[in-house]
2 protein chains.
Amino acid sequence: MSFKTNATIASFGGKLLKLSHEAKTTNCTMGLNLYLPPQASKGKVPVLIYLSGLTCTGDNCAEKGFFQHKASEKGIAIVYPDTSPRGLNIEGEDESYDFGTGAGFYVDATKEPWNKGYNMYSYITSELPDALFKAFDDKLDGDRVSLTGHSMGGHGALTIFLRNPEKYKSCSAFAPIANPINAPWGQKAFKGYFGDDNTEKWKEHDATELVKTKWPKDKQLDLLIDVGTGDNFYKQGQLLPENFVEAAKEAGVGRR
Amino acid sequence: MSFKTNATIASFGGKLLKLSHEAKTTNCTMGLNLYLPPQASKGKVPVLIYLSGLTCTGDNCAEKGFFQHKASEKGIAIVYPDTSPRGLNIEGEDESYDFGTGAGFYVDATKEPWNKGYNMYSYITSELPDALFKAFDDKLDGDRVSLTGHSMGGHGALTIFLRNPEKYKSCSAFAPIANPINAPWGQKAFKGYFGDDNTEKWKEHDATELVKTKWPKDKQLDLLIDVGTGDNFYKQGQLLPENFVEAAKEAGVGRR
């Protein structure tokens, strides 16, 4: 799939591209931001995928995240994808901020009618990178890709990383939803996308479960998770990072 | 006047403060952003005042301008004031984007009813700095203050600098309205704030006029003005930077 360039913005010697493309997995036009550092004009650079949180588009962090100066210095491209399909006209898609539009939760829905396009897992892990590395094959190094994200996007980064131990170079997360099957946001999303009873499926997208079951026991797990203890969602029990740390210790895959 | 701190946000080792205070000149509560670099915790730092353009508040550039990383590195505080009084309930204040709310044009209005609070010149040159240097007297160096701004704010930076040759250390402007008395935005604003016939007053807030009449002939004028030639407002004749350059040459105050 080729990309349409809707805007090109000079940024710290490189370029911020506002892109869109027709995506099969999500069944709609998807917008995204791509930051190309100055080094990308001379050859392939490593790529960091930033997964955004609830309600965001690819614009939020690209415009307000202050990543570009450091990406320019280090020579890293950043991909800022959207957080869900948009405009599928599924009943209820715009009813709440934490389900449907802006809240794809980086899963492939199995439940009708959401399975018609709420396939952000396939979009982020396959369709989007395949399209990007084809369209920017002289600038983006498909062999050096890392993940990060915030909140719902931190959940996305952790779960996608843990499910694909060979695919990404590194993973970090700001205030991630680290144990969604035990948190209100995650439970609402997984009920909606997978069904109330499909709890085995829920576990396939829960970082705390995945670190116990999916990550190779003989492979050291290096992750950076940063959560502020004053974070309201942390205090409300939406993030549960301690559960993840405990599970990683039990699994014996952490550094300590 | 003391400030209320509505939020404190960690930023590049320093702090972005969301402040508000009761202002006499503008007759309302004024919001602003103040970036304190890490160096401000050890002593007084120089201050850059960034004047925003039409429709903006003090939030826009603080959140999306990407200034803080460099301000942190260089040890510069940045003040991001609002662009007009708000909520004065003057008839017509919210009717257009280029007059009234969000469009104070950094003048003291002489015409009723705008003179009831549209006094952004006095606010920016006196009331706000007086209050800031009092409230943050151990952090902000009132003897090292510079100006910059964008569009209407570039006009503000240039005119305030030219009217006060001894007050500021430096001045620069992105895409400033450099000759407002000959541009549609400026003419609309000056008619509204000063009256149709008060063209002598108009000239007191026109950078191209001021550089001819106000700047000391024996003082070299160092300014940086950056305008993209693809800028739509430049192409529409709202900015007119060539008129300013021509006037500075005529006045013989530039470096060349």
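This text walks through a predicted model, from the way its two chains meet to single residues inside them. Residues are numbered from 1 along each chain as its sequence is written, and chains are lettered from A and ligands numbered from 1 in the order in which they are written. Local features need pLDDT of at least 70, side-chain atom pairs count only at pLDDT 80 or more, totals for chains, interfaces and linings use all residues, and side-chain values use heavy atoms, with hydrogens and water left out.

Start with the two chains together. Chain B can be laid on chain A by a turn of 180° and a shift of 0.0 Å along the axis, with an RMSD of 0.0 Å. That is the relation of a two-fold axis. The copies are superposed by least squares on the C-alpha atoms of residues with pLDDT of at least 70 in both. Which residue of chain B comes closest to the rotation axis? That residue is B:K64, with its C-alpha at 2.5 Å. The same surface serves both copies, since 100% of the contact residues of chain B recur in chain A.

Now look at the interface. 7 residues of chain B are in contact with 7 residues of chain A. Contact means heavy atoms within 4.5 Å. The size of an interface is often given as the accessible area lost when the parts come together. Here chain B and chain A bury about 770 Å² between them, 75% of it on carbon and sulfur atoms. Buried area is the accessible area (1.4 Å probe) that two parts lose on being put together, summed over both.

Between chain B and chain A the count is 2 salt bridges. A salt bridge is a side-chain nitrogen of Lys or Arg within 4 Å of a carboxyl oxygen of Asp or Glu. A:E63 forms one with B:K64, and the closest N and O atoms are 3.4 Å apart. Two elements give two or more residues to the side of chain B that touches chain A: α1 (59-64) and α2 (68-74) of chain B. Helices (H or I, at least four residues) and strands (E, at least two) are DSSP runs, numbered from the N terminus. The largest share of this side, 3 residues, comes from α1(B). The residues of this side divide into 3 nonpolar, 2 polar and 2 charged. Ala, Val, Leu, Ile, Met, Phe, Trp, Tyr, Cys and Pro count as nonpolar, Asp, Glu, Lys and Arg as charged, and the others, Gly among them, as polar.

A:F66 sits in the loop between α1 (59-64) and α2 (68-74) of chain A. Is A:F66 buried or exposed? At 14% relative accessibility, A:F66 counts as buried. Buried means under 20% relative accessible area, exposed over 50%, partly exposed in between (1.4 Å probe, protein chains only). Leaving aside neighbours within four places in sequence, the contacts of A:F66 include B:F12, B:A62 and B:F66.

Next come salt bridges elsewhere. Over all chains, the structure holds 23. One of them joins B:D98 and B:K188, whose closest N and O atoms are 2.7 Å apart. B:D98 lies in the loop between β5 and α3 of chain B and B:K188 in helix α5 (residues 184-194), so the pair ties together parts that are 90 residues apart in sequence. B:D98 is buried at 9% relative accessibility, whereas B:K188 is partly exposed at 35%.

Another bridge stays within one helix. B:E73 and B:K70 meet at 3.5 Å, N to O. Both lie in helix α2 of chain B, 3 residues apart, about one turn of the helix. B:E73 counts as partly exposed at 49% relative accessibility, and B:K70 is partly exposed at 41%.

Finish with two aspartates of chain B. B:D141 is in strand β6 (residues 140-149). B:D141 is buried, with a relative accessible area of 13%. A polar contact of 2.8 Å joins the side chains of B:D141 and B:R144. A polar contact is a pair of N or O atoms within 3.5 Å; within protein, one must be able to donate a hydrogen and the other to accept it, and residues adjacent in sequence count only if both atoms are side-chain atoms.

B:D82 is in the loop between β5 (77-81) and α3 (120-135) of chain B. At 6% relative accessibility, B:D82 counts as buried. Beyond neighbours within four places in sequence, B:D82 is in contact with residues including B:M30, B:C56 and B:Y106.
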